[in-house]
Amino acid sequence: MRNWLSRVADCADLNADYADVEVTMLNKELLEILVCPSCRKPVKEGGKKLVCQGCGRSYPVRDGIPIMLIDEAQKPKRGKGR
Ligand SMILES: [Zn+2]
């Protein structure tokens, strides 16, 4: 019984960790069909955002839902890129 309880505790910890990485929880199939509304290139996970492979715009993810709107996108910063 004791082991069972500690296992539940471990699971709770894991869930807490997952809450931090909701972008990586995005359905891969969903990611594959998402394209940049600006240049229609595929997007890639980048931290808590989706980054366009074409124009470099980054789209926010809210509550696990990618906001694929040009108006919501952040344009790539120029001059200080890696
Ligand atoms: Zn783009």
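Which residues does Ala73 touch, not counting residues up to four places away in sequence?

First, the ground rules. This is a predicted model, in which local features need pLDDT of at least 70 and side-chain atom pairs count only at pLDDT 80 or more, while totals for chains, interfaces and linings use all residues. Residues are numbered from 1 along each chain as its sequence is written.

Let me start with the sheet. Four strands make an open sheet, ordered E1-E2-E3-E4, with antiparallel pairing. Strands here are DSSP runs of at least two residues, labelled E and numbered from the N terminus; helices would be H or I runs of at least four. Two strands count as paired if DSSP finds at least two bridges between them. As a reminder, strands of a sheet pair through backbone hydrogen bonds, either parallel or antiparallel.

The edges are strand E1 (43-46) and E4; each has a single partner strand, so one side of each is left without a neighbour in the sheet.

Now the pairs in turn. E1 and E2 run antiparallel and are joined by four bridges. Glu45 stands opposite Leu50 in E2, and Lys44 stands opposite Val51 in E2. The two strands form a hairpin with two residues between them, and Gly47 in the turn has a positive phi of about 65°.

E2 and E3 pair over three bridges, again in the antiparallel sense. Leu50 has Tyr59 as its bridge partner in E3. This hairpin has five residues between its strands, and Gly56 in the turn has a positive phi of about 85°.

E3 and E4 pair over two bridges, also antiparallel. Arg62 stands opposite Ile65 in E4.

Next, the core. The largest nonpolar core consists of seven residues: Cys36, Val43, Leu50, Cys52, Tyr59, Val61 and Ala73. Strand E2 (49-52) and strand E3 (58-62) are the elements that give two or more residues to this core. By a nonpolar core I mean a set of buried Ala, Val, Leu, Ile, Met, Phe, Trp, Tyr and Cys residues joined through C-beta atoms within 7 Å. Buried means that 20 or more other C-beta atoms lie within 10 Å of the residue's own, exposed means 12 or fewer, and partly exposed is in between, with C-beta atoms placed from the backbone.

E2 has a covered face, made of Leu50 and Cys52, and an uncovered one, made of Lys49 and Val51.

Back to the opening question. Ala73 touches Arg57, Ser58 and Tyr59, with residues up to four places away in sequence left out. Contact means that the C-beta atoms, placed from the backbone, lie within 7 Å. Ala73 is found in the segment after E4, and it is buried because 22 other C-beta atoms lie within 10 Å. Its C-alpha atom is separated by 6.9 Å from that of Pro60, 13 residues apart along the chain.

Cys36, with the same exclusion, touches Lys41, Val43, Cys52, Gly54, Cys55 and Arg57.

Last, Ile67. Why is Ile67 described as partly exposed? Because 13 other C-beta atoms lie within 10 Å of Ile67. This residue lies in the segment after strand E4 (65-66). Beyond four places in sequence, Ile67 touches Tyr59, Pro60, Arg62 and Glu72. Ile67 and Lys49 are 18 residues apart in sequence and 9.2 Å apart in space, C-alpha to C-alpha.

Note on methods:
Two residues are in contact if their C-beta atoms, placed from the backbone, lie within 7 Å.
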